[in-house]
Amino acid sequence: MKTFHIALIPGDGIGPEVVAQGVKVFKAIEKMDDSVSFTFEEFPWGCEYYLQHGKMMDEDGMEQLKQFDAIYLGAVGYPGVPDHISLRELLIKIRRGFDQYVNLRPVTLLHRKLTPLKNKTEKDIDMLVIRENSEGEYAGAGEWLFKGKPEEVVLQTGVFSRKGTERIIRYAYEEARRTNRTLTSISKGNALNYSMVFWDQVFEEVGREFPDVNTYSYLVDAASLYFVEQPERFEVVVTSNLFGDIVTDIGAAITGGMGLATGANINPEKTYPSMFEPVHGSAPDIAGKGIANPLAAIWSVSQMLDFFGLEEWGKRVFCTIKEIINHEEHLTPDLGGKASTEEVGDYFVNLLMQTK
Ligand code: NAI
Ligand code: MG
């Protein structure tokens with residue numbers, strides 16, 4: 001029997017509401033499959049914890065997390081705690097500290113009724129965006145000079161190391177090769193004359209090792225247009241931290257919104273745990289109302305199962321998400337239903353038990 005140890009960080013707002021539904025899915029799988037089991041340990045970290053203790057996580061928090069196979073995170077951030085603190089001192093700390101340099105964001109249309117785009121169907125919107133997750137524009141490098149003075153100057157520097165750029169691009173080529181899909185790089189070499197010229201160069205260099213992979217290269221502004229007008233152009237996509245952040249929000253918009261967007265933070269070498277989370281935040285506007293859509297968080301479970309090597313289960317959870325979309329009465333209001341978060345979770349587990 002294989003046992004996987006999962007650290008739960010439900011976090012703030014709707015985070016705990018949706019993570020609880022994901023945990024139900026793990027427990028159902030455990031019941032159906034004698035060969036796997038999952039253990040959970042919950043960490044109370046987040047903004048509420050910050051307001052009580054003056055820190056987002058324990059001093060030795062990273063040490064505590066290290067022993068787990070994966071981290072399942074809800075969302076962090078809440079009014080009263082500045083977002084740059086909640087983001088930097090928990091999320092980014094984990095992504096950086098555990099060298100989770102790959103951010104995997106599927107942009108997949110589950111049902112044509114979910115897209116606001118005219119005449120686009122499931123076969124037109126089915127891509128995997130691979131976002132650089134450890135450096136680039138979000139490296140936190142820069143300077144704030146003459147603060148508050150008339151000569152004030154602010155510098156925000158993008159950091160693109162050869163190692164960091166090569167490894168994300170190589171990961172993307174390997175994924176494209178493995179799944180027999182095209183690879184598109186999104187950059188901006190015409191305006192960012194150091195970082196993105198370098199990015200384009202590395203994309204070409206690494207590409208020589210993958211002559212079998214068909215590639216495209218777009219400027220980020222053009223790519224944003226294509227995401228909306230011709231999403232069928234994209235299969236596997238690789239891009240920098242900032243551009244990936246933005247284009248995956250467009251991706252969420254064309255596939256049914258925040259309640260369905262998921263993202264995995266992967267340390268491919270498995271030196272450290274990887275982290276799985278819905279893309280959405282803590283949604284203070286609906287927190288506590290019991291109407292948050294748990295399907296993004298459940299999609300994270302599917303990604304985690306794939307990562308554990310339990311691809312059959314990963315696929316089955318994914319197919320069940322596709323299936324539940326057909327049952328509008330069992331969906332939350334953001335998808336046109338009237339069900340509560342709990343009801344969706346329970347109905348999902350029922351469906352999962354029925355599907356093969
Ligand atoms: P948000 O994603 O929390 O909410 C944006 C909108 O989408 C809101 O109207 C919300 O009600 C809706 N929404 C989000 N998730 C939903 C779900 N599962 N079901 C139904 N509707 C959903 O983004 P916002 O409002 O910009 O940020 C709120 C807080 O969350 C901030 O403190 C922010 O820093 C934090 N945040 C945390 C993230 C994380 O932990 N990874 C990511 C994004 C934001
Ligand atoms: Mg974002």
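**Burial, domains and strand pairing in a predicted model**

Of the 356 residues of the protein chain, 44% count as buried. A residue is buried if 20 or more other C-beta atoms lie within 10 Å of its own, exposed if 12 or fewer, and partly exposed in between, with C-beta atoms placed from the backbone. The model is predicted: local features need pLDDT of at least 70, side-chain atom pairs count only at pLDDT 80 or more, and totals for chains, interfaces and linings use all residues. Residues are numbered from 1 along each chain as its sequence is written, while chains are lettered from A and ligands numbered from 1 in the order in which they are written.

The protein chain has 11 helices and 12 strands. Helices (H or I, at least four residues) and strands (E, at least two) are DSSP runs, numbered from the N terminus. The radius of gyration of the chain is 20 Å, close to the 21 Å that the globule rule gives for 356 residues, so the chain is as compact as a globular protein of that length. This radius is taken over C-alpha atoms, and the globule rule is 2.2 Å times the number of residues to the power 0.38. Along the principal axes, the C-alpha atoms fill a box of roughly 55 × 50 × 40 Å. Among contacts between residues at least 6 apart in sequence, 75% join residues at least 24 apart. Two residues are in contact if their C-beta atoms, placed from the backbone, lie within 7 Å.

The domain assignment gives domain 1 (1-101 + 267-356) and domain 2 (106-257). Such bounds come from an automatic or database domain assignment. The centres of the two domains, taken over C-alpha atoms, are separated by 24 Å. At the interface, 12 residues of domain 1 are in contact with 13 residues of domain 2. On the domain 1 side, H4 and helix H10 (311-324) are the elements that give two or more residues. That side divides into six nonpolar residues, one polar and five charged. Ala, Val, Leu, Ile, Met, Phe, Trp, Tyr, Cys and Pro count as nonpolar, Asp, Glu, Lys and Arg as charged, and the others, Gly among them, as polar. Glu312 lies in helix H10. With 11 C-beta neighbours inside 10 Å, Glu312 counts as exposed. Glu312 and Ser302 are 10 residues apart in sequence and 9.7 Å apart in space, C-alpha to C-alpha.

Ligand 1 has 23 residues around it, of which Gly77, Gly259, His280, Gly281 and Asn293 come nearest. A residue belongs to this set if its C-beta atom, placed from the backbone, lies within 6 Å of the ligand. Helix H4 (residues 83-97) gives the most to the shell, with three residues. By class, the shell holds 13 nonpolar, six polar and four charged residues.

Strand E8 (residues 183-187) is mostly covered, with five of its five residues buried. Leu183, Ser185 and Ser187 lie on one side, Thr184 and Ile186 on the other, and all are buried. In a regular strand the side chains alternate between the two faces of the sheet. E8 pairs with strand E9 (residues 215-219) in the parallel sense over five bridges. Two strands pair if DSSP finds at least two bridges between them. The bridge partner of Ile186 in E9 is Tyr218.

Strand E11 (262-266) also has five of five residues buried, so E11 is largely enclosed by the rest of the structure. Thr262, Ala264 and Ile266 point one way, and Gly263 and Asn265 the other. E11 pairs with strand E4 (residues 102-108) in the antiparallel sense over three bridges. Here Leu104 stands opposite Ala264. E11 and E12 are also antiparallel, over four bridges. Gly263 stands opposite Glu277 in E12.

The loop between E11 and strand E12 (274-278) holds Lys270, and Pro273 lies in that loop too. Pro273 is buried, with 21 C-beta neighbours inside 10 Å. The C-alpha atoms of Pro273 and Gln67 are 206 residues apart along the chain but separated by 7.7 Å. Not counting residues up to four places away in sequence, Pro273 touches Leu65, Lys66, Phe68, Asp69, Ala70, Ile71 and Phe98. Lys270 is exposed, with 10 other C-beta atoms within 10 Å.

Most residues other than glycine have a negative phi. Lys270, not a glycine, has a positive phi of about 60°. Asn180 has a positive phi of about 55° and is not a glycine either. Asn180 is found in the loop between helix H5 (162-179) and E8. Asn180 is exposed, with 10 other C-beta atoms within 10 Å.
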